[in-house]
Amino acid sequence: MRDIHGLMQLAFGLAHEVSEASLDLERAPGLRGRGVHARLIADSGVSALAHVASASADLSEGGFNGRLRATSSLRGAREELKQLRDRVHTVAAANYISETAASELTSRIDELATLIMALSVEVRGGRSAA
């Protein structure tokens, strides 16, 4: 594994930014009175951060079991990011938030998803999942 710990730190920092942005979006004026949408967006952002943090802790343990748990955590992060992206598009399509706000957040989500995909490959020892 190359500098997987450096990549993990980068992923954690970016996941923190996505989490903060999703929490900020929860309080956006257009989402007031639309509690379910707002809470789901915030929940997905925070959950993605938790999965990345868990993957980092699992990877620090080392060994096969640590890599296996880290892979599972990264998969969970990817799933949360997909849900977050879908939810952001839903509220943007309903004009609850601006296209600019949606675009900025989805750009960060896509960047983090790409990094997590690369991390997943590295954690598995350079083998991509089928």
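This is a predicted model: local features need pLDDT of at least 70, side-chain atom pairs count only at pLDDT 80 or more; totals for chains, interfaces and linings use all residues.
I'll start with helix α1, residues 4-26, and helix α2, residues 35-61. Their axes lie 8 Å apart, and the angle between the two helices is about 165°. Angles over 145 degrees count as roughly antiparallel, so that is what α1 and α2 are to each other. Their crossing is left-handed.

Which residues of α1 and α2 make the contact? On the α1 side they include Ile4, Met8, Ala11, Ala15, Ser22 and Leu25. On the α2 side, Ala38, Ala42, Gly45, Leu49 and Ser56 are among them. Sorted by class, this contact has 16 nonpolar, six polar and two charged residues.

An α-helix has 3.6 residues a turn, so residues three or four places apart point the same way.

Next, α1 against helix α4, residues 99-123. Here the angle is about 150° and the axes are 9 Å apart. These two helices are therefore roughly antiparallel as well. α1 crosses α4 in a left-handed sense. From α1, the contact includes Leu7, Leu10, Leu14, Val18 and Ala21. From α4, Leu105, Ile109, Leu112, Leu115 and Leu119 are among the residues involved. How many charged residues does the contact of α1 with α4 have? The count is four, alongside 16 nonpolar and one polar.

Last, helix α3, residues 63-93. Its 31 residues reach 45 Å from the first C-alpha to the last, close to the 45 Å expected at 1.5 Å a residue. Just after α3, Asn95 has a positive phi of about 60°.

Key:
Residues are numbered from 1 along each chain as its sequence is written. Side-chain values use heavy atoms; hydrogens and water are left out. Axes are lines fitted to C-alpha atoms, for helices over the stretch in contact, and angles run from 0 to 180 degrees between N-to-C directions. Helices (H or I, at least four residues) and strands (E, at least two) are DSSP runs, numbered from the N terminus. Angles under 35 degrees count as roughly parallel, over 145 as roughly antiparallel, 65 to 115 as roughly perpendicular and the rest as oblique. A crossing is left-handed if the near helix is turned anticlockwise from the far one by less than a right angle, and right-handed if clockwise. Contact means heavy atoms within 4.5 Å. Ala, Val, Leu, Ile, Met, Phe, Trp, Tyr, Cys and Pro count as nonpolar, Asp, Glu, Lys and Arg as charged, and the others, Gly among them, as polar. The expected span of a helix is 1.5 Å times one less than its number of residues.
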